[in-house]
Amino acid sequence: MTKTDTSPSAKGGKGNALDGWTDDPRKLLRARANVPIARFERDSTPGWDLGKEAAIEQTAKRGEIMAELQERLWAQANAGESYQSLLVVVQGLDTAGKGGVARHVLAMVDPQGVSMTAFKKPTPTEAKHDFLWRIEKALPKPGYIGFFDRSHYEDVLVPYVQNKLKGGNLEKRLDKINRWEKALGEKNITVVKFALLVSYKEQAERLLERVDRPDKQWKYSPSDIDTRADWFEYQSAYEEILQNSDTDNAPWYIIPADHKWYARHAITEIISRTLADMNPQWPKPTYDVEAERARILATMDSEQLEDYENEKAEKEPKRSREEADFKAKVAELNPDADAATVTRKFDGKNAHGAAYDFGAQVTSWKPDGTERLWLSSKAPKHGDPTRGGVPICLPWFGNGVDGKQTPKHGLARSQSWQFVGQHQDGGRVIAKWALPKGALATENGLWADLSATYEVSFGNKLRLQLTVTNEGKKAVDFENALHTYLKVSDIEKIRIDGLQKVKYVDKVPGKEGTRSSKSEIRFGGEMDRIYLGSGPVTVKDGTSQLQIRTDGASNIVIWNPGGKRAKEFADIKGSEWRNFVCVEAANALDDALRLKPGKSHTMKYEVAID
Ligand code: TA6
């Protein structure tokens, strides 16, 4: 093949960011797809058929993307906007190329955002503690990429080979590691693990080279050849590890390492894609940009300013092109970033929960092992909000006060929110998302100045807290709602208490009008009411009762489509409409909010089970 034929862009298809890869290496190299490892070719290059030169070229290009993603991660954590960090674990026998990964892959990002730890044989102090003690101390701080050259897995490999993990102790240790790695997610640490697998033959040549070359002799230790004698035991130790600790929280990737260029290329690609998933953003300035600009200008003379403006105008098109290219590339690297399919799971002592970054939509809340939110069984699609859980409606409700806004229920539910982080508090897990200023802008610029944060507490109670801030200089009018889909046994058997005698706007076609009712709400057919009151409300479902309290909301919306209308909704299948009721907190229509410059509004929603 000629060089032109093999350029990365010549293969892999345009617009899918494969950039020469035949498929996403995260799929191809995932441990669970490749065990048993005995049949794994160490000199193979899965997913890359374009050879060494093209790989090196492509690694460097990805390195630029990786560097910017890392810089964003770091800047965002420094500004206190996010607590995320990435932990890269690299395991491999002597000569497998662990150091090379540090020097060639991690070296492509700013060293001030990387913390590297090489784990050697435990020191006497380390040996006195639990094997995770020294590992825990080396975990990356928010904003950092932590790089582990060897890791807690040494404490499986070595005792396994020495025959010290018998009678279920291997399983126990791996189980402990799995639980510990899962908890890292709760500390906002994303984990990726690489097993560099070199062949027996290649290892001999690399060891020999170390002994033969004066500049490499320092790398050799006579004990290396003793370890080599245990080659087959180590292979089966790896087999056990890869089979039993490859989890979605902390995935293992098997990297064939006979070709160093391939190993570095694959690891760069996987780290870049993982960082793209983490979706770091530049932090917002904490000062008034215009005011600061004016202060700087006051210190410059007009000639200098003119030169500056000319240079800026010249550079600007290139800069914005680069920014657009970067965004497009990151979106390609992480095609799911904007899709509803990226699900975060939250596990606390008192409850389990889940949410999409897309729309910051809570999708599950299990306070007592039982699911309390209804979610459509239809698979979510890119850019298309799914009904169920808790969609956030913002900056308008329905089609807005003027009835002309699209998409229905505003822009917040059809874009990815920035995941800020999570923490445990007692038995609860508290997770937070943010939407920066500009994200809600429409073409007429009406809502461009709003930013939002969303805090969700998954515990015995589900607590939602949506805060909207006006970061602009003019007042902004907006509507909002937390469109909660509560799971019920059968809509026609439940009753809702708390809204008797409260006026409501009926939106069901043919029934429009404002009225009230003296009795508890019962369902039969479509119901779509905006109550001009804020509860509290009780959903009575057989012996169980859901207590709903709101704050900062002038309206409660009650909705169920009923059997006939449900047929219009592709994501409400068959009789699924029977199993939910929407009891929403809202500020809509005449109760729309007006936010003065610099002010925030918080709406709260709480569900408890009796
Ligand atoms: O909150 C009630 C409502 O506005 C109804 O009018 C109904 O259409 C429902 O929300 C579902 O909204 P969606 O945009 O998901 O179709």
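Both faces of strand E25 are covered: Phe 580, Cys 582, Glu 584 and Ala 586 are buried on one side, and Val 581, Val 583, Ala 585 and Asn 587 are buried on the other. Buried here means under 20% relative accessible area, exposed over 50%, and partly exposed in between (1.4 Å probe, protein chains only). Strands (E, at least two residues) and helices (H or I, at least four) are DSSP runs numbered from the N terminus. The model is predicted, so local features need pLDDT of at least 70 and side-chain atom pairs count only at pLDDT 80 or more, while totals for chains, interfaces and linings use all residues. Residues are numbered from 1 along each chain as its sequence is written, and side-chain values use heavy atoms, leaving out hydrogens and water.

In a regular strand the side chains alternate between the two faces of the sheet. Strands count as paired if DSSP finds at least two bridges between them. E25 (residues 580-587) runs antiparallel to E15 (residues 480-482), joined by three bridges, with Ala 481 opposite Ala 586. E24 (residues 555-560) pairs with E25 in the antiparallel sense over five bridges, and here Trp 559 stands opposite Cys 582.

Salt bridges (a side-chain nitrogen of Lys or Arg within 4 Å of a carboxyl oxygen of Asp or Glu) number 49 in the whole structure. In one of them, Arg 578 meets Glu 492 at 3.4 Å, N to O. This pair links distant parts of the chain, 86 residues apart, with Arg 578 in the loop between helix H14 (562-566) and E25. Arg 578 is partly exposed at 26% relative accessibility, and Glu 492 is partly exposed at 40%.
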